[in-house]
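User: I am new to this structure and would like to learn how its features are read. Please take me through them step by step.
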Amino acid sequence: MANSSSIPSTPLLKDELDIVIPTIRNLDFLEMWRPFFEPYHLIIIQDGDPSKTIKVPEGFDYELHNRNDINRLLGPRASCISFKDSACRCFGFMLSKKKYIYTIDDDCFVAKDPSGKDINALEQHIKNLLSPSTPLFFNTLYDPYREGADFVRGYPFSMRDGVPTAVSHGLWLNIPDYDAPTQLVKPRERNTRYVDAVMTIPKGTLFPMCGMNLAFDRELIGPAMYFGLMGDGQPIGRYDDMWAGWCTKVITDHLGLGVKTGLPYIWHSKASNPFVNLKKEYKGIFWQEDIIPFFQNATLPKDCTTVQKCYIELSKQVKEKLGKIDPYFDKLADAMVTWIEAWDELNPPSGVAAEVANGPAKGK
């Protein structure tokens, strides 16, 4: 169990943050996270068979949605939410009305730092999000806003205020987040290196975002956190979080926002089957050689002043340039537009979300 000494007496952002968890199984893993997660509201997105009962440990404040809820709430627009894939988590991002989101996979457990102390991943993510980012000029002591660090000699004073942080991307000990070919070559490799660092990803630099330990400011970047069309009925899988990351990075760069990576670590407990993964990934492995240059060269016009406008513009460019690779990208571009329409329907500009009749399963 987690050490009580690592739990803040007043949970940070208790009423401003939701935890989103996609799952197909009982959530026994929450017991290990109880000291850190119990004060917060959970949004659980049940993938797969909606008739299956998912058990949640007692004491947690949660709402649970399955495919029936997605279809009921979104109607024809439900087609933009992936089925039989963890990409379904983005439905929880859309439903939340909190300022911040933390999302975690159900095979991730509390990790320990080198001293043996349990890591409160959520607390570190919050610290990352509440301090600025420095995407315009790299600080060689990494995050200058962390305790014990600062800007190094030669760092321009005019840039030391930084920019608002939109995304905090955490890492993992034990099972690395490798693609299928690397898994096959290194089946026994484990990540045992704990690097005590947080850094801002520079402007103009893309990164492979992993969704298993991720936090973001929903008000700053939420509509861009669409995990694409993956899983059942689609020709590709395991690129959901990376697609969201590439789109998000282009948009944060354009809007003058920051993305941090590094701490916190979680313990990734289970290696997925590399042969199954290869079947899901193989088209993406080829396609990404065109997708990456596309995002590296993507530019957004000055009149794209909101995340939604940026995302719609990006969808047009996806259709125009990536649609030549495969018809899937035409379908994905259309789904990107549908996603924004659904987001705006559930999150009207007034900030008052449409009331949902016959609400989801809830617990406390």
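User: By class, how many nonpolar, polar and charged residues does the lining of the second largest pocket have?

Analyst: Please note at the outset that this is a predicted model. Rolling a probe the size of a water molecule over the atoms shows where empty space is left. In the second largest pocket, that space comes to about 490 Å³. Of the 22 residues that line the second largest pocket, the closest to its centre are Glu123, Gln124, Lys127, Arg146 and Leu263. By class, the lining has six nonpolar, six polar and 10 charged residues. Helix H4 and strand E9 each supply at least two residues of this lining.

User: Which residues lie closest to the centre of the largest pocket?

Analyst: The largest pocket holds about 1200 Å³ of space. Its lining is made up of 43 residues, and Ser86, Asp105, Arg238, Ser272 and Asn277 are the closest to the centre. E1, H7 and H8 each contribute at least two residues to the lining of the largest pocket, and the largest share, six residues, comes from H8. By class, this lining divides into 18 nonpolar, nine polar and 16 charged residues.

User: Which way do the residues of strand E2 point, and are they buried or exposed?

Analyst: In a regular strand the side chains alternate between the two faces of the sheet. In E2, His41, Ile43 and Ile45 point one way, while Leu42, Ile44 and Gln46 point the other way, and all are buried. Strand E2, residues 41–46, is thus described as mostly covered, with six of its six residues buried.

User: Which strands pair with E2, and in what sense?

Analyst: Strand E1 (residues 17–23) pairs with E2 in the parallel sense over six bridges, and Pro22 stands opposite Ile45 in E2. Between E1 and E2 the chain crosses through helix H1 (residues 30–37), and this β-α-β crossover is right-handed. E2 is also joined by five bridges to strand E3 (residues 61–65), and these two run parallel. There, Ile43 stands opposite Glu63 in E3.

User: Why is strand E9 described as largely enclosed?

Analyst: Strand E9 (residues 258–268) is largely enclosed by the rest of the structure because 10 of its 11 residues are buried. Nine bridges join E6 to E9, which run parallel, and Leu173 stands opposite Trp267 in E9. Strand E5 (residues 108–109) pairs with E9 in the antiparallel sense over two bridges, with Phe109 opposite Trp267. Strand E7 (residues 198–200) is joined to E9 by three bridges and runs antiparallel to it; Thr200 stands opposite Lys260 in E9.

User: Where is Arg153 placed, and is Arg153 buried or exposed?

Analyst: Arg153 lies in the loop between helix H4 (121–130) and strand E6 (165–174). Arg153 is exposed, with a relative accessible area of 84%, and exposed means over 50%. UniProt, in an unreviewed entry, lists Arg153 under "glycosylation site".

Definitions and conventions
Residues numbered from 1 in each chain as written. Predicted model: local features only at pLDDT ≥ 70, side-chain atom pairs only at ≥ 80, totals over all residues. Heavy atoms only, no water. UniProt positions renumbered as here; feature names shortened; annotations may be inferred. Helix = DSSP H or I, 4+ residues; strand = E, 2+ residues; numbered from the N terminus. Buried < 20%, exposed > 50% of the residue type's maximum accessible area, 1.4 Å probe, protein only. Pairing = 2+ DSSP bridges. Right-handed = clockwise from strand over helix to strand, strands pointing away. 1 Å grid on protein atoms, 1.4 Å probe; cavity = no way out; pocket = protein on both sides within 12 Å on 5 of 7 lines; lining within 4 Å. Points joined across faces, edges and corners; volume = space filled by probe spheres on them. Nonpolar A, V, L, I, M, F, W, Y, C, P; charged D, E, K, R; others polar.
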